[in-house]
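Please look over the points below alongside the coordinates.

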Amino acid sequence: MNGSAERSHTALSALRLVSFVTHERDAVHVGLLTPNAEQVIDLSPLGITDAHEALEQIDLLRRTAGAIVHGAARTAFDVKRVHLVAPVPLARSVVQDAHSGALEFADPATLHGPGDHLGRAESAHARAGLAAVVGATIQATETCSDNTLALALIGTLLVLGWPQPGSDGDSILRPGAVGPFVAVPRRAPATLELRRVTPVIDPVQSERATSCAAPTQANFFALARAALRSHTLRPGDLLTIFPVIDMATEHSPMLPGSWVRVSAPGQGTLSLAVR
């Protein structure tokens, strides 16, 4: 490979980080999705064995992702022959109630990943959201510069959420499933789309889509500052925002075999099948 060709492969237009299990189910691996999303490149040979190690090395991965994905010595798996799990399988989430503004700090909880299942009751209240991933520790403080937050919030991921028990016993909208972690591009998408696909004969009723404006960087900075008044943010924490929607868009429980999908430009699609 000549110098110009090598330089063309050192960066990718989109760096998408995933966690996955091979069919042998020996362990959870962390890897990079190829641009066509047909293969996963295992990062274990590079000494990166879990999501937190990958987050710590995110700047290196941004610079060298192209070389890793296109390298001759890569360890690649067909994406159809692995089981994708949440890119950060165990994460603490910080969620702000869209109506009251109250913050909810959820203890680290296991999240679903792409291709997992969703209960029928959960499908009726599923909501699209976006989360910023914390990549560096920020000590609790009431003041924090935009530059500090821009460096600490290292990427975003799609979120599918539904009401879950909160710390006070009331239900609160929390992340339940997350898509691939996207570190490049760093800008947030303009819109989120929630699509419900039902296996019925009538094509008019087979798909229903709802779009909403995606949260901006300023929204995530405001949420981070609100959280930092009382809590230290640590690598792997998710700052999750669910855009306000018309409650008339709530749906009845979906039939088994249906799909709930969240998508956004530059982020891809997160799909969960209804059980």
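Which residues does R92 touch, not counting residues up to four places away in sequence?

1. R92 touches F105, A106, D107, P108, H231, T232, L233, R234, G236, D237 and L238. Contact here means heavy atoms within 4.5 Å. Residues up to four places away in sequence are left out of that list.

2. A word on the basis. This is a predicted model, where local features need pLDDT of at least 70, side-chain atom pairs count only at pLDDT 80 or more, and totals for chains, interfaces and linings use all residues. Residues are numbered from 1 along each chain as its sequence is written, and side-chain values use heavy atoms, with hydrogens and water left out.

3. R92 sits in strand β6, residues 90-96. Strands are DSSP runs of E, at least two residues, numbered from the N terminus. R92 counts as buried because its relative accessibility is 17%; buried means under 20% relative accessible area, exposed over 50%, partly exposed in between (1.4 Å probe, protein chains only).

4. The R92 side chain has a polar contact with the D237 side chain, at 2.6 Å. Such a contact is a pair of N or O atoms within 3.5 Å; within protein, one must be able to donate a hydrogen and the other to accept it, and residues adjacent in sequence count only if both atoms are side-chain atoms.

5. Now the cysteines. C144 is buried at 14% relative accessibility. C212 is buried too, at 15%. The structure has 0 disulfides, defined as pairs of cysteine sulfur atoms within 2.5 Å.

6. Check A37. Its phi is positive, about 60°, yet A37 is not a glycine. A37 lies in the loop between β2 (28-33) and β3 (39-42). At 32% relative accessibility, A37 is partly exposed.

Note on methods:
Helix = DSSP H or I, 4+ residues; strand = E, 2+ residues; numbered from the N terminus.
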